[in-house]
Amino acid sequence: MSDTGPFTEDVVRQITRHMNDDHAADCLAICRALGGRPGATAARMTGLDAEGIEFAVTDGGADHPVRVPFGERLTERPQVRREVVRMTGEARAALGG
């Protein structure tokens, strides 16, 4: 991912750091339920753009890139939080939690 769309590299770094530091369990839930990696044991956010969010996921003892598309194209930073909250809720519901 080289084009971050409407988000500067600094904003992407800030969001990535926040997600990894404060929402590691949410990253893992999103990757398990929405990212096609139900056996994942770890996940860390690696980036995002207007269309989706990217992770590095540990599954089966190996690392895999995972991209989960947003429900819509995002154009403003406040939309990122709303979309990640939505994705987390959807993922937790799918995982039974």
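These legends describe close-up views of a predicted model.

**View 1. Helices α2 and α3 cross.** Helix α2 spans residues 24-33, and helix α3 spans residues 77-94. Their axes come within 8 Å. The crossing angle is roughly 65°. α2 passes α3 in a left-handed crossing. On the α2 side, the contact is made by A25, D26, A29, I30 and A33. On the α3 side, V84, M87, T88, A91, R92 and A94 meet them. By class, this contact of α2 with α3 has eight nonpolar residues, one polar residue and two charged residues.

**View 2. The largest nonpolar core.** This core has 25 residues. M45, L48, I53 and F55 touch the most other members. Elements giving two or more residues to the core are α1 (9-22), α2, β1 (42-48), β2 (52-59), β3 and α3. The largest share comes from α2, with five residues.

**View 3. The surroundings of F55.** F55 is one of the core residues that touch the most other members. Leaving out residues up to four places away in sequence, F55 touches C27, I30, C31, R44, M45, T46, H64, P65, V66 and V68. Among these contacts, I30 also belongs to the α2 residues that meet α3.

**View 4. P69 in strand β3.** Strand β3 covers residues 62-69, and P69 is found in this strand. P69 has a relative accessible area of 54%, so it counts as exposed, the cut-off being over 50%. Not counting residues up to four places away in sequence, P69 touches E51, G52 and M87. M87 is also one of the α3 residues that meet α2. P69 and L34 are 35 residues apart in sequence. Their C-alpha atoms are 9.0 Å apart in space.

**View 5. Q79 in helix α3.** Q79 lies in α3. Q79 counts as buried because its relative accessible area is 14%, and the cut-off is under 20%. Leaving aside neighbours within four places in sequence, Q79 is in contact with E72, R73 and L74.

Definitions and conventions. Residues are numbered from 1 along each chain as its sequence is written. This is a predicted model: local features need pLDDT of at least 70, side-chain atom pairs count only at pLDDT 80 or more; totals for chains, interfaces and linings use all residues. Side-chain values use heavy atoms; hydrogens and water are left out. Axes are lines fitted to C-alpha atoms, for helices over the stretch in contact, and angles run from 0 to 180 degrees between N-to-C directions. Helices (H or I, at least four residues) and strands (E, at least two) are DSSP runs, numbered from the N terminus. A crossing is left-handed if the near helix is turned anticlockwise from the far one by less than a right angle, and right-handed if clockwise. Contact means heavy atoms within 4.5 Å. Ala, Val, Leu, Ile, Met, Phe, Trp, Tyr, Cys and Pro count as nonpolar, Asp, Glu, Lys and Arg as charged, and the others, Gly among them, as polar. Buried means under 20% relative accessible area, exposed over 50%, partly exposed in between (1.4 Å probe, protein chains only). A nonpolar core is a set of buried Ala, Val, Leu, Ile, Met, Phe, Trp, Tyr and Cys residues joined through side-chain atoms within 4.5 Å.
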